[in-house]
Amino acid sequence: MNLKWFRVPKDIVFGENALEYLSTLKGKRATLVTGGSSMKRLGFLDEAQKQLEKAGMEVSIVDDVEPNPSIETVIRGGKEMAEFGPDWIIAIGGGSALDAAKIMWVYYEYPDTKFEDLVQMKFPILRTKAKFVAIPSTSGTASEITAFSVITDTKNHIKYPLVSYEMTPDIALLDVNLPTKMPPHITANTGMDVMAHAVEAYVSSNATSYTDPFAFEAIRLVFEQLPVAYEDGQNIKAREDMHNASALAGMAFTNSSLGLVHSLAHKVGGEFGITHGLANAILMPYIVDYNRKGTDKISKLEDLLRIDNLTEALQTLNKKVGIPLTLQGVTEVDITEEKFLAVLDRMSKNAFEDPCTLTNPRQSSAEDVGKIYECAFYGKSALKI
Ligand code: NDP
Ligand code: MN
């Protein structure tokens, strides 16, 4: 049988003050999982705890999930959960916190899990102990919707995208108050992650008539609203549209998967620690050009959006939101030419082997990937590859 699926969380609850929905959950114990400090500092962690206590639940907190969460962090979280015994896991924060919570969930239910099995997509059946609510504070990864979790092997500098529909959250809770607090550079990076999800889902070799409308609506919204949310973080309409765009893109890519933008971003992220959305934003225009030889959906997208050239439109958007056009232009980490060239072969091989490569619309090779990295580093056109 070669069946396809379209699977998303059973409930997507959205709107201002959606956190209040937590008070309607039925259960005894809930564990909140969060990142470094933003949710505590902004009062959302306390608010979530209050709503859960209103539902009559005892609450524990697993915190300190770092950006690009590590294997050690998810194993620690699984142990802390096992001591408390929650019947609800409530992840609140950026994609890192949500992704980490998903794998903590696996270790909580199956403490003997081997990480290598997860990498090979061998997942056990979940929900034997707890159900899962995801509350995103960035409008970016759509981890609240997806069957994905990205965990980093910090020793070997490799990011692993883990995939199983088992990890699709039961409930996605979209409260626009949370992303409204993002500073402009995080708004830009995570917003361009949404664009990458939507564009890659749209041109994916696994795209279907179920995924295309979600991907297209997300692309349209990001072009329209990301510059507004970046310039005026208090603009609720722009924030709401971006939060919804993120989830819509998630509904598309969790079912169609992604492509080379994510393959290359995962590995350059693992090597240099460059922020995920920023890496996507820089790489995407080059990969759009590379993919033109493999699909007619890029020109279809240009027709539907009524733009002449998607590559140029993406670079114009990058400029509007303060994102450099090349990898060597990145300032948050120092990617020197020397270090870039030293890791290029290894990084290209690893990126080619990333699972996202499988659904890229153009067949590629480690050699092509190396050429794309070079174009993106120096700012050369990828049309000739
Ligand atoms: P992170 O979760 O890494 O958060 C980035 C930073 O933003 C943190 O310092 C965090 O602080 C802060 N932050 C989060 N929300 C707010 C807010 N509302 N106000 C102020 N600061 C805030 O960022 P992303 O959401 O971009 O997640 C990136 C991760 O997700 C990567 O590991 C990436 O690989 C992965 N990913 C997962 C996908 C999936 O389908 N599951 C898809 C694509 C990417 P603090 O830690 O203090 O909370
Ligand atoms: Mn992404």
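Rings of Phe, Tyr and Trp (its six-membered ring) pair if their centres lie within 6.5 Å; planes under 30 degrees apart count as stacked, over 60 as edge-to-face and the rest as tilted. By this definition the structure holds 7 aromatic pairs. This is a predicted model, in which local features need pLDDT of at least 70 and side-chain atom pairs count only at pLDDT 80 or more, while totals for chains, interfaces and linings use all residues. Residues are numbered from 1 along each chain as its sequence is written, chains are lettered from A and ligands numbered from 1 in the order in which they are written, and side-chain values use heavy atoms, with hydrogens and water left out.

**View 1. Aromatic pair of Phe 115 and Tyr 160.** The ring centres of Phe 115 and Tyr 160 are 6.0 Å apart and the planes stand at 70 degrees, so the pair is edge-to-face. Phe 115 belongs to helix α5 (residues 115–119) and Tyr 160 to strand β7 (residues 158–163), 45 residues apart. Helices (H or I, at least four residues) and strands (E, at least two) are DSSP runs, numbered from the N terminus. Phe 115 counts as buried at 8% relative accessibility, whereas Tyr 160 counts as partly exposed at 23%. Buried means under 20% relative accessible area, exposed over 50%, and partly exposed in between (1.4 Å probe, protein chains only).

**View 2. Aromatic pair of Phe 148 and Phe 253.** With centres 5.4 Å apart and planes at 50 degrees, the rings of Phe 148 and Phe 253 form a tilted pair. The pair ties strand β6 (residues 148–153), which holds Phe 148, to helix α8 (residues 236–256), which holds Phe 253; these parts are 105 residues apart in sequence. Phe 148 is buried at 9% relative accessibility, and Phe 253 is buried at 3% relative accessible area.

View 3. Phe 6, Tyr 210 and Phe 214 are linked into a cluster by ring pairs. Arg 7 lies over the face of Trp 5, at 4.7 Å from the ring centre. The charged end of Arg 7 also sits over the ring of Tyr 165, 4.9 Å from its centre. A charge sits over a ring if NZ of Lys or CZ of Arg is within 6 Å of the ring centre and within 35 degrees of the ring normal.

**View 4. Manganese ion (ligand 2).** The ion is coordinated by Asp 193 (OD), His 197 (NE2), His 262 (NE2) and His 276 (NE2), at 2.2 Å. Donors are N, O and S atoms within 2.8 Å of the metal (3.2 Å for Na, K and Ca); water is not among the atoms, so sites may look incomplete. The donor residues are spaced D-x3-H-x64-H-x13-H in sequence. Asp 193 and His 197 are 4 residues apart in helix α6 (residues 184–203), so about one helical turn separates them. Both Asp 193 and His 197 are buried.
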